[in-house]
Amino acid sequence: MRVLLIGANGYIGRFVADRLLADPAVQLTALGRGDDADVRFDLATGSPGALTRFLDAVHPGVVVNCAGTTRGGARDLTRHNTVAVATVCEALRRSGCGARLVQIGCSAEYGPSQPNSSTAEDAVPRPGGPYGVSKLAATELVLGSGLDAVVLRVFSPAGPGTPAGSPLGRLAEAMRRAMQSGDGELKLGGLGVQRDFVDVRDVARAVHAASLSAAQGVINIGSGRAVRLRDAAAVLARVAGYGGALQELDGPPGAHASHGGHGGHVGHIAHTPHLRPAIGHPRGESDPHAASVAFPYPDGCGSWQQADVRTARDRLGWRPRINLEESLADIWMEAACRI
């Protein structure tokens, strides 16, 4: 099976590439903007015609699109997350390759959900910011394209390679700084939010499974369990061996209403110019022994997200395998290397 992977250098794309390369039946070609891509092509500026010619030459059986951005204003988000997907869909429609499309979506497309509920694929999407809107528009383009296509709506990816700017990445960095400077107290804000974390390696397994399946439409990829960020912080402190106190601060007013993703792929976090959440602020003069942090979760999804993952189980034969403690241990190992 010949697979064309778009966005192989991204957070999720790197693990998808590893997973596909481990399958001896897969012939993988990477397309992207970087010099190390097999073929250099910028979806945000390239024409559908140029991509069609490449598809006809390579003739893939599956196209996996992991490309996109979590940062920037509405214009950049639209260009990289929506227009780029329109280019892929149009090129596939024009091409004679007949390839199946696996598109990486995001839980930010759903927006806020009711506490203690699980969000299924038939929920009405109400994204809370420009990132979620741009990803939802891409999903609608894929679903309306008439192609053999599936959208994997990924909840909050975690594990090795977690971006330093994501909530878990900032949490690990704050803890690293506290340990390095000998702080006996770490002040953390916004720890009451609950998110469905899924290991990025499990996400890659889901992409592999979707590539081989005939499933279409939207499929949630998550753990099926919401975890409070303060509980994740406690686990991270345990695996890091941090013996200091974790003191919770209240998030600033309106923090839940700011836009963003990940998260994504919490990996999916887009930052607004008026709110720059930063775990691990430099210590203030008024509190020389504590690291203080701001509200860490501006993803437009409110206080709760939890995936209903029954469709992934039934249609892909996929279940998450890696627990959050292992994901956090890997995040910490990478943060600790910076000490």
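Reply: In this predicted model, strand β8 covers residues 185–189, and four of its five residues are buried, so the strand is largely enclosed by the rest of the structure. Its partner is strand β12 (residues 245–249), to which β8 is joined by five bridges; the two strands run parallel. Within this pairing, Leu188 stands opposite Glu248 in β12.

The other strands may be described next. An open sheet of three strands has the order β7-β9-β11, and its pairing is mixed. Because β7 (156–158) and β11 (226–228) are at the edges and each has a single partner strand, one side of each is left without a neighbour in the sheet. Neighbouring strands here are turned against each other by 55° on average, direction ignored. Between β7 and strand β9 (residues 194–199) the pairing is parallel and extends over three bridges; Ala158 stands opposite Asp199 in β9.

A further open sheet is formed by seven strands in the order β3-β2-β1-β4-β5-β6-β10, with parallel pairing. Its edge strands are β3 (39–40) and β10, each of which pairs on one side only. β10 is joined to β6 in the parallel sense over five bridges, and Arg153 stands opposite Asn220 in β10. Helix α2 (residues 48–58) lies across β1, β2 (27–32), β3 and β4, and runs at about 165° to β2. Helix α3 (residues 74–94) also packs on the sheet, where it touches β1, β4 and β5; the angle between its direction and that of β5 is about 165°.

The largest nonpolar core contains 33 residues, and Ile12, Val16, Val64, Leu152, Ile221 and Leu316 have the most contacts inside it. Among the elements that each supply at least two residues of this core are the strands β1 (2–6), β4 (62–65), β5 (100–106), β6 (149–154) and β10 (217–221), together with the helices α1 (11–21), α6 (200–212) and α8 (310–316). The greatest contribution, seven residues, comes from α6. Beyond its neighbours within four places in sequence, Leu316 is in contact with residues including Leu152, Ala206, Ala209, Ala210 and Ile221. Another core, of 29 residues, lies apart from this one; Phe54, Val85, Ala91 and Ala99 are among its members. In soluble globular proteins, nonpolar side chains tend to be buried together.

At 1.5 Å a residue, the 13 residues of α6 should span 18 Å, and the end C-alpha atoms are 19 Å apart, which agrees.

Finally, the cysteines should be considered. The count of disulfides, which requires sulfur atoms within 2.5 Å, comes to zero. For Cys301, the closest cysteine sulfur is that of Cys106, at 6.9 Å, which is too far for a bond. Cys301 is itself buried, with a relative accessible area of 1%, and Cys97 is likewise buried, at 11%.

Note on methods:
Residues numbered from 1 in each chain as written. Predicted model: local features only at pLDDT ≥ 70, side-chain atom pairs only at ≥ 80, totals over all residues. Heavy atoms only, no water. Core = buried A, V, L, I, M, F, W, Y, C linked by side-chain atoms within 4.5 Å. Buried < 20%, exposed > 50% of the residue type's maximum accessible area, 1.4 Å probe, protein only. Contact = heavy atoms within 4.5 Å. Pairing = 2+ DSSP bridges. Axes fitted to C-alpha atoms, helices over the stretch in contact; angles between N-to-C directions. Expected span 1.5 Å × (residues − 1).
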